[in-house]
Amino acid sequence: MALSKNLFKISHFALCLWVLFGTTSGQLSANFYARTCPNFRSVITRAVNSAVSSEARMGASLLRLHFHDCFVNGCDASVLLDDTANFTGEKSAGPNSNSLRGFNVIDTIKTQLESQCPGVVSCADILSAAARDSVVALRGPSWNVVFGRRDSTTASQSAANSNLPSPGASLSGLISSFSNQGFTTNEMVALSGAHTIGQARCTVFRNRLYNENNINSSFATSLRPNCPSSGGDNNLSPLDASATSFDNRYYNDLINQRGLLHSDQELFNGGSTDAQVRTYSSNAATFSTDFANAMVKMANLNPLTGSSGQVRTNCRRTN
């Protein structure tokens, strides 16, 4: 009888752990918050839809936040940490400074979730869900997001500077950068399709307009007034011809030498990825499927789970 009581206590304790953490194994799960914060998905989706409705570019910004988080030591919300007097985070890294945006949308979501389920939903999980919801809001594909990531207590400016691909990267550089994260070349080409939405600053494509030859001349001419050879660094141009709609137009633009960034046009420049670009340009469904599958893979890059990390109550600072 005593043994039965003890077994019951152990089983009850295990159940309580499952309710508290969503899983006893530390693995990501679609139902991680089913008991602890059942409405968290709708809170995130509503906030993302509202933000994207107000400014379509925000969808691209939230997708990029997730990407810039996951490529630097895994999907752990390290990119959201503000610098302090004693800490230099990733926001001030070269690829992020004066470039990443959407932090206020994440703050809004976190505040709403903290009021409903204090200390439960991680910032890393918010980033992952917001990226998917952003693509859906811009008429792109959906994919299954699993949850249970925890938030880092540190960040690495040096890793952000070295791990994130540059807009001036060569094809071999892009392949290497993505390979370092476990992606195939085809997955790199698919994920680059994220540039079918959003805008870029003049400073990152100016050299292409004035010094490169593999660019459509009328395209370059049309962009130069908004991106002069000097000045206007922060003036924006769309990354493809339908930058508020998630589609396969990006790849058609590359075939026509209308890639905005040097790194974009590298995907179609007589190299090993030309055939993949042609496939995506002629088959939107194939691109959507490959992009969604690659996003699932990206969201699973080295997450903190179980007792690792923490669930930040404010995404900008550690608890």
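Where is Arg 139 found? This tour of a predicted model starts with that residue.

**Stop 1: two residues with positive phi**

Select Arg 139. Arg 139 sits in the loop between α5 and α6, the latter being residues 157-163. Its phi is near 70°, a positive value in a residue other than glycine. Most residues other than glycine have a negative phi. Is Arg 139 buried or exposed? With a relative accessibility of 57%, Arg 139 counts as exposed, because the cut-off for exposed is over 50%.

Now select Asn 302, in the segment after α14. Phi of Asn 302 is near 45°, again a positive value in a residue other than glycine. The relative accessible area of Asn 302 is 54%, so this residue is exposed.

**Stop 2: a buried loop residue**

Go to Leu 28, which is placed in the loop between α1 (2-21) and α2 (40-54). Leu 28 has a relative accessible area of 19% and is buried, because buried means under 20%. To see what is around Leu 28, show the residues it touches, not counting those up to four places away in sequence: Val 146, Phe 147, Gly 148, Arg 149, Asn 300, Pro 303 and Thr 305.

For a sense of distance, pick the C-alpha atoms of Leu 28 and Pro 238. The two residues are 210 residues apart along the chain, and these atoms are separated by 35 Å.

**Stop 3: the disulfides**

A disulfide is a covalent bond between the sulfur atoms of two cysteines. How many disulfides does the count come to? The count is four. With bonded cysteines counted along the chain, the disulfides follow the pattern 1-4, 2-3, 5-8, 6-7. Three of them are visited here.

A disulfide joins Cys 37 to Cys 117, with 2.0 Å from S to S. The link of Cys 37 and Cys 117 is right-handed, with 75° about the S-S bond.

Next, select Cys 202 and Cys 227. Their sulfur atoms are 1.9 Å apart, and a disulfide joins the two residues. The torsion about the S-S bond of Cys 202 and Cys 227 is about 75°, so this disulfide is right-handed. Cys 202 lies in helix α9 (residues 202-211), while Cys 227 lies in the loop between α10 (217-223) and β2 (236-238), so the pair ties together parts that are 25 residues apart in sequence. Both Cys 202 and Cys 227 are buried.

Then select Cys 70 and Cys 75, which are joined by a disulfide with an S to S distance of 2.0 Å. The torsion about the S-S bond of Cys 70 and Cys 75 is about 120°, so this disulfide is right-handed. Cys 70 counts as buried at 0% relative accessibility, and Cys 75 counts as buried at 0% as well.

**Stop 4: a helix pair**

Keep Cys 70 selected and show helix α3 (residues 57-70) with helix α14 (residues 284-299). The axes of α3 and α14 come within 10 Å and cross at roughly 50°. The two helices are therefore oblique to each other, and their crossing is left-handed. Which residues make the contact? On α3 they are Leu 63, His 66, Phe 67 and Cys 70, and on α14 they are Phe 291, Met 295, Met 298 and Ala 299. By class, this contact has seven nonpolar residues, one polar residue and no charged residues.

**Stop 5**

**Stop 6: Ser 263**

Finish at Ser 263, in helix α12 (residues 262-265). Ser 263 counts as buried, with 7% relative accessibility. Leaving aside neighbours within four places in sequence, Ser 263 is in contact with Ser 166, Pro 167, Ala 169 and Leu 174.

Technical notes. Residues are numbered from 1 along each chain as its sequence is written. This is a predicted model: local features need pLDDT of at least 70, side-chain atom pairs count only at pLDDT 80 or more; totals for chains, interfaces and linings use all residues. Side-chain values use heavy atoms; hydrogens and water are left out. Axes are lines fitted to C-alpha atoms, for helices over the stretch in contact, and angles run from 0 to 180 degrees between N-to-C directions. Helices (H or I, at least four residues) and strands (E, at least two) are DSSP runs, numbered from the N terminus. Angles under 35 degrees count as roughly parallel, over 145 as roughly antiparallel, 65 to 115 as roughly perpendicular and the rest as oblique. A crossing is left-handed if the near helix is turned anticlockwise from the far one by less than a right angle, and right-handed if clockwise. Contact means heavy atoms within 4.5 Å. Ala, Val, Leu, Ile, Met, Phe, Trp, Tyr, Cys and Pro count as nonpolar, Asp, Glu, Lys and Arg as charged, and the others, Gly among them, as polar. Buried means under 20% relative accessible area, exposed over 50%, partly exposed in between (1.4 Å probe, protein chains only). A disulfide is a pair of cysteine sulfur atoms within 2.5 Å.
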